[in-house]
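Let's take a walk through a protein model together.

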Amino acid sequence: ISGGKWRMFGDFEGQNIFNSKLDYKKQFDEVNETDSAHYNLSINCRNTKPISTYIELLGGIKNPYSKTLRDESNIQPDFAFYKNETEQINLVTTAINQLKIDGYMDSDIVLLSPFTKECIAKKLLEKKDWQNRITEFNIINKDKILYTTIGKFKGLEAPAIIITDFISMEMNQNLFYVGISRALHRLSIFLHVRLQNNINKIITN
């Protein structure tokens, strides 16, 4: 690249979800030690202020955003704990129904899970009323509620995101950060009740 132009973009800490053992940040720092200019983006360009606050609290961000650009909504994210599958299904269906009341289309809603097979969206598909409304994420389906893993939805976004199936804080916190930061306007987070103490510690600290 001698004599040419190049640019490198990346979140080498928060969005490193595929191989946490590799130190991409170190490699990026080695580039910074050259004569190249570098700039840290501190402005949240995607999320509303309430969602941005949740990202800062629960996503493990070390340096808070200086400001958000998408401030047209002050609606707080939905946040709840469930004890079992039935409770989580009720939380998810209630959230979807409320989004519909608020004017969102099915195609605006995406369910994100850490899991491929054991996700609550597939449990919903077992119910007749939901079989024609929910489908697995792909670029062709544009008129239904989509579900997929957080990893597959990395780099994408949707008007309304529903986070499901988090049962342990041992799961990669970066995965949680990536999931909740996909939401443009509305965010729902549903965690297993065993995480309640962990979340309370994060919030109080």
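## The overall plan

The protein contains 6 helices and 8 strands. This is a predicted model, so keep that in mind as you explore. Going along the sequence, the elements follow the pattern α-β-α-β-β-α-β-α-β-β-β-α-β-α.

The protein has 205 residues, and 39% of them count as buried. Now look at contacts between residues at least 6 apart in sequence: 73% of these join residues at least 24 apart.

## Two helices side by side

How do helix 2 and helix 5 pack? Two packed helices are described by the angle between their axes and the distance between the axes. For helix 2 (residues 49-58) and helix 5 (residues 173-180), the angle is about 180° and the axes are 10 Å apart. An angle over 145 degrees counts as roughly antiparallel, and therefore helix 2 and helix 5 are roughly antiparallel to each other.

You can find the residues that make this contact on both sides. Helix 2 brings Ile51, Tyr54, Ile55 and Leu58, while helix 5 brings Gln173, Phe176, Tyr177 and Ile180. Sorted by class, the contact has 7 nonpolar residues, 1 polar residue and no charged ones.

Is helix 5 mostly covered or mostly uncovered? Helix 5 is mostly covered, with 7 of its 8 residues buried. The buried ones are Asn174, Leu175, Phe176, Tyr177, Val178, Gly179 and Ile180. Together, the buried residues of helix 5 pack against helix 2, strand 4 (109-113), strand 7 (158-166) and strand 8 (183-192).

Tyr177 and Leu57 are 120 residues apart along the chain, and their C-alpha atoms are separated by 9.8 Å.

Next, turn to the second largest pocket, which has a volume of about 170 Å³. It is lined by 13 residues, and the closest to its centre are Glu85, Gln88, Glu118, Ile120 and Asp165. Helix 3 (85-101) and helix 4 (120-124) are the elements that give two or more residues to this lining. By class, the lining of the second largest pocket divides into 5 nonpolar, 3 polar and 5 charged residues.

Asp165 sits in strand 7, and its relative accessible area of 4% makes it buried. What is the phi of Asp165? It is near 70°, a positive value in a residue other than glycine. Most residues other than glycine have a negative phi.

## Enclosed spaces

How many cavities of 30 Å³ or more are there? The count comes to 4. The second largest cavity has a volume of about 50 Å³.

The second largest cavity is lined by Phe115, Thr116, Cys119, Glu136, Tyr147, Thr148, Thr149 and Lys152. Strand 6 (residues 145-149) supplies the largest share of this lining, 3 residues. By class, the lining of the second largest cavity has 3 nonpolar, 3 polar and 2 charged residues.

How values were computed: Residues numbered from 1 in each chain as written. Predicted model: local features only at pLDDT ≥ 70, side-chain atom pairs only at ≥ 80, totals over all residues. Heavy atoms only, no water. Axes fitted to C-alpha atoms, helices over the stretch in contact; angles between N-to-C directions. Helix = DSSP H or I, 4+ residues; strand = E, 2+ residues; numbered from the N terminus. Parallel < 35°, antiparallel > 145°, perpendicular 65-115°, else oblique. Contact = heavy atoms within 4.5 Å. Nonpolar A, V, L, I, M, F, W, Y, C, P; charged D, E, K, R; others polar. Buried < 20%, exposed > 50% of the residue type's maximum accessible area, 1.4 Å probe, protein only. 1 Å grid on protein atoms, 1.4 Å probe; cavity = no way out; pocket = protein on both sides within 12 Å on 5 of 7 lines; lining within 4 Å. Points joined across faces, edges and corners; volume = space filled by probe spheres on them.
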